[in-house]
Amino acid sequence: MGHCFRAFLSQQAILCSRQITLVSLCSGNIIGSGIFISPKGVLEHSGSVGVALVVWSLGGCIATLGSLCYAELGVTIPKSGGDYSYVTEIFGGLMGFLLLWSAVLIMYPTTLAVIALTFSSYVLQPVFPNCVPPYMAMRMLSAACVLLLTWVNCSSVRMATRIQDIFTLGKLMALGLIIMVGLVQIFNGNYGALTPQMAFSMDRTPSVGQIALAFLQASFAFSGWNFLNYVTEEVIDPRRNLPRAIYISIPLVTFVYTLTNIAYFSSMSPDELLSSNAVAVTFGEKLLGMFSVVMPISVALSTFGGINGYLFTSSRLCFSGAREGHLPSLLAMIHYQNCTPIPALLVCCTATIVILCIGETHNLINYVSFINYLSYGVTIAGLLYCRWKKPNLYRPIKVNLLVPVCYLMFWALLLGFSLYSEPVVCGVGLVIMLTGVPVYFLGVHWKEKPMCIYNFTERATYVGQALCFVVFPQLDPIEINSPSEKTGRSPGRTSLSATS
């Protein structure tokens, strides 16, 4: 059982060692459903084709700055959990819990809901070619997809990894086909909408707040650039290989995204793109003729694999939170035979289905992008705080101070104007995050609770164990040290194991 649990904790690292490099791992995790749904939101808020393409390009530059900062944090604080672990280590339990709370309640379930809705939209669009697919049909198909993949992840780690490997081909096939067809269109002279005179012509001049919302829409497509921080401990020579992977993968993704949008605009007018419920399907219908069915199938494969990947990542985050005592201990348990984190997966599945019933796709993207950027900014502010408080801390990677400063300046402007333009959407996200404050003090900070509460928690844990057939993994007898203050040695590593 120990070997199975170690496979659960470092599944993505195993994938890396089996067949893919750090570059393909990073870029493959970024490229997902976002590029198939965000173009509409980016164009809607930016107001013109030219500004939309600029937003896509700058979005990649900002992601590069953020990922360089995360590379420093990843090798300075080598703990699983990414943002949550760094913020907890630097700012303490409350800030870390708020980040975890927003991730569990908003970020991961909302992202899963958006990807699932994209899946159902592309599957149903050929069935309803001249109208929007029925609301209930989309929600029911999305929920069925999430439930199916939750069952797969609960049943077998190996089956989940195989699905991830196979369905990665879907996204590559879809984007490659779009770009090739778009380039053919441009070589044939169909690039009128991309000329400077047409690209930057607009009926209305977008406000700065609208441009900020366009960046939020684009940032959803770039989300995942911090994924390497989940496997930092398994990276060979991270001081050299992490920056190298970042320098290659994120510019590559930015290039692919920009080319994809250019391909869209080579065959679709801005009005056609804005009126489309599934951009890639409309693109295929216009240019691929009888082969247009390939496009919705490819996007559906891509989004299906994306849901599978996010289910695994969210379960790892829940495990890290439960290990720190910030979430119920049941979420740190695994199936006694399959070694899968069933309770954590069920929590994420339930939250996703709830959000599916209450949200609209582009509003959901604004929610998750705002909270994502908020957490990124707090984490990178922690880097600067750590530089100030612990100047002698050993840092295998140390980025130029201008990198986090530039990122935080952009971050402050983006969130400020987003709040001004969409106060309800952003305000609701902040309120949900701040509801974690009383939860933290009642559930985590308050140690002397009445015995009845402990009895109820213990009984609920036993019931959960009985229903899910899960047990605690056994931890190795190690001490988890804070990062070393010495400049000549790297910090201690945390190792985990489980026994039956």
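Trainee: Is Leu 68 buried or exposed?
Mentor: This is a predicted model, and in it Leu 68 counts as buried because its relative accessibility is 11%. Leu 68 has its place in helix H5.

Trainee: Which residues does Leu 68 touch, leaving out those up to four places away in sequence?
Mentor: Leu 68 touches Ile 246, Tyr 247, Val 399 and Val 403. Take Ile 246 as an example: 178 residues separate it from Leu 68 in sequence, yet the two C-alpha atoms are 7.2 Å apart in space.

Trainee: What about Glu 72, where does that lie?
Mentor: Glu 72 also lies in helix H5. With a relative accessibility of 3%, Glu 72 counts as buried.

Trainee: Which residues does Glu 72 touch, again without those up to four places away?
Mentor: The contacts of Glu 72 are Leu 383, Arg 387, Arg 395, Ile 397, Lys 398 and Val 399. As for Asn 229, which is 157 residues from Glu 72 along the chain, the C-alpha separation is 9.7 Å.

Trainee: What do the side chains of Arg 387 and Glu 72 form?
Mentor: They meet in a salt bridge, with an N to O distance of 2.8 Å. This pair links distant parts of the chain, since Arg 387 is in helix H17 and Glu 72 in helix H5, 315 residues apart. Both residues are buried.

Trainee: And how far apart are the closest N and O atoms of Glu 72 and Arg 395?
Mentor: They are 3.5 Å apart, and Glu 72 forms a salt bridge with Arg 395. Here too distant parts of the chain are linked: Glu 72 is in helix H5, whereas Arg 395 is in the loop between H17 and helix H18 (402–421), 323 residues away. Arg 395 counts as buried because its relative accessibility is 11%.

Trainee: How many salt bridges does the structure hold?
Mentor: The structure holds 3 salt bridges.

Trainee: Are Lys 286 and Glu 272 buried or partly exposed?
Mentor: Lys 286 counts as partly exposed at 42% relative accessibility, and Glu 272 counts as partly exposed at 31%. Salt bridges that share partners, meanwhile, join Glu 72, Arg 387 and Arg 395 into one network.

Trainee: Changing topic: how much space lies in the largest pocket?
Mentor: About 820 Å³ lies in the largest pocket. Its lining has 28 residues, and those nearest the centre are Leu 327, Pro 328, Ser 329, Gly 443 and Thr 457.

Trainee: Which helix gives the most to that lining?
Mentor: H21 gives the most, with 7 residues. H7, helix H20 (436–445) and helix H21 (451–468) each supply at least two residues of the lining.

Trainee: Why is helix H6 described as largely enclosed?
Mentor: Of the 9 residues of H6 (residues 83–91), 7 are buried, so the helix is largely enclosed by the rest of the structure. Among the buried residues are Asp 83, Tyr 84 and Ile 90. Just after H6, Gly 92 takes a positive phi of about 105°.

Trainee: Now the surface: which residues make the nonpolar patch of about 410 Å²?
Mentor: Phe 91, Met 95, Tyr 385 and Trp 388 make that patch. Met 95 lies in helix H7 (residues 93–124) and is partly exposed, with a relative accessible area of 32%.

Trainee: Finally, what share of the chain is buried?
Mentor: Buried residues make up 57% of the 500 residues. The chain has 21 helices and 2 strands, and its accessible surface comes to about 21400 Å², with 67% of that belonging to carbon and sulfur atoms.

Notes. Residues are numbered from 1 along each chain as its sequence is written. This is a predicted model: local features need pLDDT of at least 70, side-chain atom pairs count only at pLDDT 80 or more; totals for chains, interfaces and linings use all residues. Side-chain values use heavy atoms; hydrogens and water are left out. Patches are made of residues with over 30% relative accessible area and no salt bridge: like charges are joined within 9 Å, nonpolar side chains (Val, Leu, Ile, Met, Phe, Trp, Tyr) within 5 Å. Accessible areas come from the Shrake-Rupley method with a 1.4 Å probe; for residues, only the protein chains shown count as cover. A salt bridge is a side-chain nitrogen of Lys or Arg within 4 Å of a carboxyl oxygen of Asp or Glu. Helices (H or I, at least four residues) and strands (E, at least two) are DSSP runs, numbered from the N terminus. Buried means under 20% relative accessible area, exposed over 50%, partly exposed in between (1.4 Å probe, protein chains only). On a 1 Å grid over the protein atoms alone, a cavity is a set of points where a 1.4 Å probe fits but cannot get out, and a pocket is an open set with protein on both sides within 12 Å along at least five of seven lines; lining residues have an atom within 4 Å of a point. Grid points are joined across faces, edges and corners, and a volume is the space filled by probe spheres set on the points. Contact means heavy atoms within 4.5 Å.
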